[in-house]
Amino acid sequence: MGHVVAVTDVRDPRLSDFTDLTDVALRRVREPAEGLFVAEGEKVVLRALAAGYAPRSVLTEAKWLPGIEAALAPHGCPIYVADAEVLRAVTGYNVHRGALASMRRRPLPSLDDVLATAQRIVVLEDLVDHTNVGAVFRNAAALGIDAVLVSPECADPLYRRSVKVSMGAVLAVPWTRAEPWPDALDRLRANGFRTLAMSPDPRGTALPDADLSPPVAVVLGTEGEGLTPGARDRCTTSVRIPMAAGVDSLNVAAASAVVFYAVGSSSQA
Ligand SMILES: C[S@@+](CC[C@H](N)C(=O)[O-])C[C@H]1O[C@@H](n2cnc3c(N)ncnc32)[C@H](O)[C@@H]1O
């Protein structure tokens, strides 16, 4: 069993993995630098453990312990138990979903290793919103995408919000950073991938008319400006999801669900 410790002092240095969780600017620098990420809620904690991630420590209210302690037992990490008020003071918010686990990051696989086993991939260029990143991973897992590549500037898939919104899919779907960017897209083409630059640009091929057969890479752009010219120019084809009159584009996660479904249906044809 883990080492269960009651904590009452919000400044207890042993809780430092869990401090200031609402400070996105701080946490997005701190977590990769310190090699950790935070899994939130019983389901996500259990999925992180099942995916082979090792816990550094856990912070929870006592009532959530029964759901996680058996899975934590082999790891012997400290389990800090506190009341709701202490959790709020340490983290900066009301932790409704119970347990928080600080997990150790693992080295990312190489681009070649990811490509070697994937036939359908998605590439995210510079998404800034962690919710969108998590939602794309969830869609990828649900709709049969084998792997995710993220550009160097793309928001961190292991940031707490991404992990939570993905329902743990970021822990299960293989992913890595595509570097150098955008030259990594040339490596996809060299490996035989058809690369689809997803854009609402009316000059692109309409999704129903596009060749989506694998190996295929769906390339999605950032929330504001869409794909950069450098990324677009390296893709095989520009593909658009036809929009009804008056609507210029879809949210990137919504667009991902539409195109992933089409890619999955095309592969089965
Ligand atoms: C909010 S959109 C960006 C809109 C931006 N004005 C543009 O022209 O791409 C974010 C991303 O979602 C994808 N997307 C959104 N709507 C799309 C559509 N109708 N067809 C294809 N891709 C779309 C694209 O990859 C886009 O880069």
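Which residue in β12 stands opposite L196? The residue is T237, and the pair belongs to a predicted model in which local features need pLDDT of at least 70, side-chain atom pairs count only at pLDDT 80 or more, and totals for chains, interfaces and linings use all residues. Residues are numbered from 1 along each chain as its sequence is written, and side-chain values use heavy atoms, leaving out hydrogens and water. The protein chain has 11 helices and 12 strands, taken as DSSP runs numbered from the N terminus (helices H or I, at least four residues; strands E, at least two).

**Overall dimensions and surface**

- The C-alpha trace of the protein chain spans about 60 × 40 × 30 Å along its principal axes.
- The accessible surface of the protein chain is about 12,100 Å², and carbon and sulfur atoms account for 52% of this area, as computed by the Shrake-Rupley method with a 1.4 Å probe.
- Of the 269 residues, 48% are buried, meaning under 20% relative accessible area with a 1.4 Å probe, protein chains only.
- Contacts are heavy atoms within 4.5 Å; among those between residues at least 6 apart in sequence, 74% join residues at least 24 apart.

**The five-stranded sheet**

- An open sheet with mixed pairing has the strand order β1-β4-β3-β5-β2, where two strands pair if DSSP finds at least two bridges between them.
- β1 (3–6) and β2 (36–40) each have a single partner strand, so one side of each edge strand is left without a neighbour in the sheet.
- From one strand to the next, the twist averages 20°; axes are lines fitted to C-alpha atoms, for helices over the stretch in contact, with angles from 0 to 180 degrees between N-to-C directions.
- β1 runs parallel to β4 (residues 78–81) and is joined to it by four bridges, with V4 opposite I79.
- β2 and β5 are antiparallel over five bridges, with V38 opposite S102.

**Cover of β2**

- Five of the five residues of β2 are buried.
- L36, V38 and E40 point one way from β2, whereas F37 and A39 point the other way.
- Helix α1 (residues 24–34) lies across β2 and β3 (55–60), at about 115° to β2.
- Helix α2 (residues 42–50) lies across β2, β3 and β5 (100–104), at about 135° to β2.

**The seven-stranded sheet**

- A parallel open sheet has the strand order β8-β7-β6-β11-β9-β12-β10.
- β9 (residues 194–198) and β12 (residues 237–240) run parallel and are joined by three bridges.

**Nonpolar cores**

- The largest nonpolar core has 55 residues, of which V122, L124, V148 and V218 touch the most other members; such a core is a set of buried Ala, Val, Leu, Ile, Met, Phe, Trp, Tyr and Cys residues joined through side-chain atoms within 4.5 Å.
- Helix α11 (residues 252–268) gives the most to this core, contributing seven residues.
- Not counting residues up to four places away in sequence, V148 touches V122, L124, F137, A140, V173, P174, W175 and T176.
- A second, separate core of 19 residues includes A118, I121, A184 and A231.

Conventions:
Buried means under 20% relative accessible area, exposed over 50%, partly exposed in between (1.4 Å probe, protein chains only).
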